[in-house]
Amino acid sequence: MSGERENCLYHVSPTAGLRELQPSVTQYFGKPRQVCLTASLPMALMYGVKHFEYTYGYTRSGQIYYEEYFPDALAEIYRGKKASLYRCAFRPDMTATAIPNEYVTPRAVTVLEETPIPDVYEALLEQGRLGRLKIVRYSEMTAESLAWVEAAETVTILEHGLLHEDGAFARYMREKYPRSWEQAQAREKEREAQP
């Protein structure tokens, strides 16, 4: 994988062999039917797996970073996963969103080039080595950041009604964020106790 090319956008998918990217709905994020692309290769790589959450962000200076919200999250989620990197031409109907480097379109997008990614984890580590992605390990997270994660995951559990479900998303949240799960249970009991 070479560096970013001018006037092209990226889309990474665990599905290989696509000639055209079709608009779809993301199950957990409440976005409309669309094709999502990005000008950032590290950001595109995050989507090389279908997952419940993508814990990346941008610093004020525009540096993309990935934070491990639980121990060894990066390896657990991405290691050994194959994906395809799709390069697509920018079109006027592709609209920039509030998320840096993200573009969306309601129309199908033709693929110009596909590059296989044998291991998404290794590809992300390479972006880290090249200085294009800052990887913040769980052990490096500040107490303040961890408290924020705990609170945010509590809200996610409640907003998605996961306390009364036993699907993959609920099991994931219960296993990875046990303190948030307990907080969500406590908040629900408080609500139920209110007259």
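Colleague: Arginine 174: buried, partly exposed or exposed?

Modeller: Partly exposed, with a relative accessible area of 32%. Bear in mind that this is a predicted model.

Colleague: Which residue does arginine 174 form a salt bridge with?

Modeller: Aspartate 166. The closest N and O atoms of that pair are 3.2 Å apart.

Colleague: And is aspartate 166 buried or exposed?

Modeller: Exposed, at 53% relative accessibility. The cut-off for that class is over 50%, so aspartate 166 falls in it.

Colleague: How far apart are the closest N and O atoms of lysine 176 and glutamate 76?

Modeller: They are 2.4 Å apart, and the pair forms a salt bridge. It links distant parts of the chain: the two residues are 100 residues apart. Lysine 176 belongs to helix α5, residues 168-176. Glutamate 76 belongs to helix α2, residues 73-78.

Colleague: Lysine 176, buried or exposed?

Modeller: Buried, at a relative accessible area of 14%.

Colleague: How many salt bridges does the structure hold?

Modeller: Eight. One of them pairs aspartate 93 with arginine 91, with the closest N and O atoms 2.8 Å apart.

Colleague: What is the relative accessibility of arginine 91?

Modeller: It is 17%, which is under the 20% cut-off, so arginine 91 counts as buried. Aspartate 93 has 22% and counts as partly exposed.

Colleague: Switching to the whole chain. How many helices and strands?

Modeller: Six helices and eleven strands.

Colleague: What radius of gyration does the chain have?

Modeller: 18 Å. A compact globule with 195 residues would be near 16 Å, and the chain's value agrees with that. The C-alpha trace spans about 60 × 35 × 30 Å along its principal axes.

Colleague: What share of the residues is buried?

Modeller: 42% of the 195 residues.

Colleague: And contacts: what share comes from residues 24 or more positions apart?

Modeller: 70% of the contacts with a separation of 6 or more.

Colleague: Last one, charges. How far apart are the mean positions of positive and negative?

Modeller: 4 Å. The chain has 23 positive and 27 negative charges.

Methods. Residues are numbered from 1 along each chain as its sequence is written. This is a predicted model: local features need pLDDT of at least 70, side-chain atom pairs count only at pLDDT 80 or more; totals for chains, interfaces and linings use all residues. Side-chain values use heavy atoms; hydrogens and water are left out. A salt bridge is a side-chain nitrogen of Lys or Arg within 4 Å of a carboxyl oxygen of Asp or Glu. Helices (H or I, at least four residues) and strands (E, at least two) are DSSP runs, numbered from the N terminus. Buried means under 20% relative accessible area, exposed over 50%, partly exposed in between (1.4 Å probe, protein chains only). The radius of gyration is taken over C-alpha atoms; the globule rule is 2.2 Å times the number of residues to the power 0.38. Contact means heavy atoms within 4.5 Å. Lys and Arg count as positive and Asp and Glu as negative; His and the chain ends are not counted. The place of a charge is taken as NZ of Lys, CZ of Arg, CG of Asp or CD of Glu.
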